[in-house]
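User: I would like to learn how to read the contacts in a model of protein and DNA chains. Please take me through them one feature at a time.

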There are 2 protein chains.
Amino acid sequence: MTEQQAIDTLKAKGICPTRPRVAIYKYIQEHFTHPNVDEVFTHLSPEVPTLSKTTVYNTLRMYAEMGLCSMLTINERQLVFDGNANSHAHFMCKVCGRVYDVPTADKMLEEMHIPGHRAEEMHLYYRGTCQSCLLKQERM
Amino acid sequence: MTEQQAIDTLKAKGICPTRPRVAIYKYIQEHFTHPNVDEVFTHLSPEVPTLSKTTVYNTLRMYAEMGLCSMLTINERQLVFDGNANSHAHFMCKVCGRVYDVPTADKMLEEMHIPGHRAEEMHLYYRGTCQSCLLKQERM
DNA sequence: TCTATCTCTGTAATGATTACAATGCAAAAG
DNA sequence: CTTTTGCATTGTAATCATTACAGAGATAGA
């Protein structure tokens, strides 16, 4: 993702492409690692020295509300963000805390209808022990 | 749910059926309203005057780990608990914060397999605006 | 009754998130 | 190019859900 692509996407959504916003958008598009606010802040600080954590919070929340990313509450202790807009589920390891993507077999889930209510977001996730942590446990 | 039923269930799981624990278990079985810790604490305080909030946290977390209830992170600000063990999805209204149950059409979701990892919990939920809040908005 | 163990309680600490007021910046108008 | 106006950003302080911990209490078996 080039700087220009990020700027164009933000402009297309009617978002003023300021320096912090472009950097944050670029970061979540280049790192599908489900970062939390602190990770985004820490990684971008050198590049945008005046960046504040409040801005990271505000910006990511805005992106989530506008559909530019999704905000996951899979981790009970902190929010994490996912720049990958394709429909997919998540798996969180209770041991190491990592969040993995899980491809969903089909589009069925998206079409589910909740009678009466207006659903705006759908989330499917799993919690358990990831392969890497299972292997570590076996060795002990 | 009678007191005795609650005691029997706890004993069957190897949990010492103390007064706070029985009261908490009984409460979540009688109130499928997705209460948070504060609600459980406030409602049970008159009945169990020495109850402490820490005990509510510890007990509900234990129940969740032992499969006696589930702990939902659907609300980004606080945990809520669901004593209904039957497989179902949830809908959270972004306006009023209420959490509704959504019956899942079939058992398909439960059988999903995550290659490599060991999944222990599955959660499916939606966020949006509930019927009641939609109606209120229309009136304005 | 005594003792060992498990529970519970209350306070204090933690830490993620948000509120807010002051400052800075960007783009349009002049 | 400068001014102006409104939006964005910053940093600090506050909030508040959750957890840690240590002392007090209850329980069951000997």
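User: What should I know about the model and its numbering before going on?

Analyst: This is a predicted model, in which local features need pLDDT of at least 70 and side-chain atom pairs count only at pLDDT 80 or more, while totals for chains, interfaces and linings use all residues. Residues are numbered from 1 along each chain as its sequence is written, chains are lettered from A and ligands numbered from 1 in the order in which they are written, and side-chain values use heavy atoms, with hydrogens and water left out.

User: How are the helices and strands named, and how many does chain A have?

Analyst: Helices (H or I, at least four residues) and strands (E, at least two) are DSSP runs, numbered from the N terminus. Chain A has five helices and five strands, in the order α-α-α-α-β-β-β-β-β-α along the sequence. The C-alpha trace of chain A spans about 45 × 45 × 25 Å along its principal axes.

User: How do I read the extent of the interface between chain A and chain B?

Analyst: Start with contact, meaning heavy atoms within 4.5 Å. By that criterion, 31 residues of chain A touch 31 residues of chain B. Buried area is the accessible area (1.4 Å probe) that two parts lose on being put together, summed over both. For chain A and chain B this is about 3,200 Å², with 55% of it on carbon and sulfur atoms.

User: How many residue pairs are in polar contact between chain A and chain B, and which element of chain A gives the most residues to that side?

Analyst: A polar contact is a pair of N or O atoms within 3.5 Å; within protein, one must be able to donate a hydrogen and the other to accept it, and residues adjacent in sequence count only if both atoms are side-chain atoms. Between chain A and chain B, 23 residue pairs are in polar contact, both residues at pLDDT 80 or more. On the side of chain A that touches chain B, β4 (99-103), β5 (118-129) and α5 (131-139) each supply at least two residues. β5(A) gives the most, with 12 residues. That side of chain A has 17 nonpolar, seven polar and seven charged residues. For these classes, Ala, Val, Leu, Ile, Met, Phe, Trp, Tyr, Cys and Pro count as nonpolar, Asp, Glu, Lys and Arg as charged, and the others, Gly among them, as polar.

User: How does β5(A) run relative to its partner strand in chain B, parallel or antiparallel?

Analyst: Two strands pair if DSSP finds at least two bridges between them. Here 11 bridges join β5(A) to β5 (residues 118-129) of chain B, and the two run antiparallel. G128(A), for example, has A119(B) as its bridge partner in β5(B).

User: Which residues come nearest to DNA strand C?

Analyst: A residue is near a strand if one of its heavy atoms lies within 4 Å of it. Of the 17 residues around DNA strand C, the nearest are Y57(A), L79(A), T18(B), T50(B) and T55(B). Sugar and phosphate make up 78% of the DNA strand C atoms that come within 4 Å of the protein. A backbone N or O atom of T50(B) is 2.5 Å from a phosphate oxygen, and a side-chain N or O atom of T55(B) is 2.8 Å from a phosphate oxygen. T54(B) has a side-chain N or O atom 3.3 Å from a base oxygen of DNA strand C. α4(A) gives the most to this surface, with three residues.

User: And which residues are closest to DNA strand D?

Analyst: DNA strand D is surrounded by 16 residues, the closest being T18(A), T50(A), T55(A), Y57(B) and L79(B). Sugar and phosphate account for 76% of its atoms that come within 4 Å of the protein. A polar side-chain atom of T54(B) lies 3.3 Å from a base nitrogen of DNA strand D. α4(B) gives the most to the surface near DNA strand D, with three residues.
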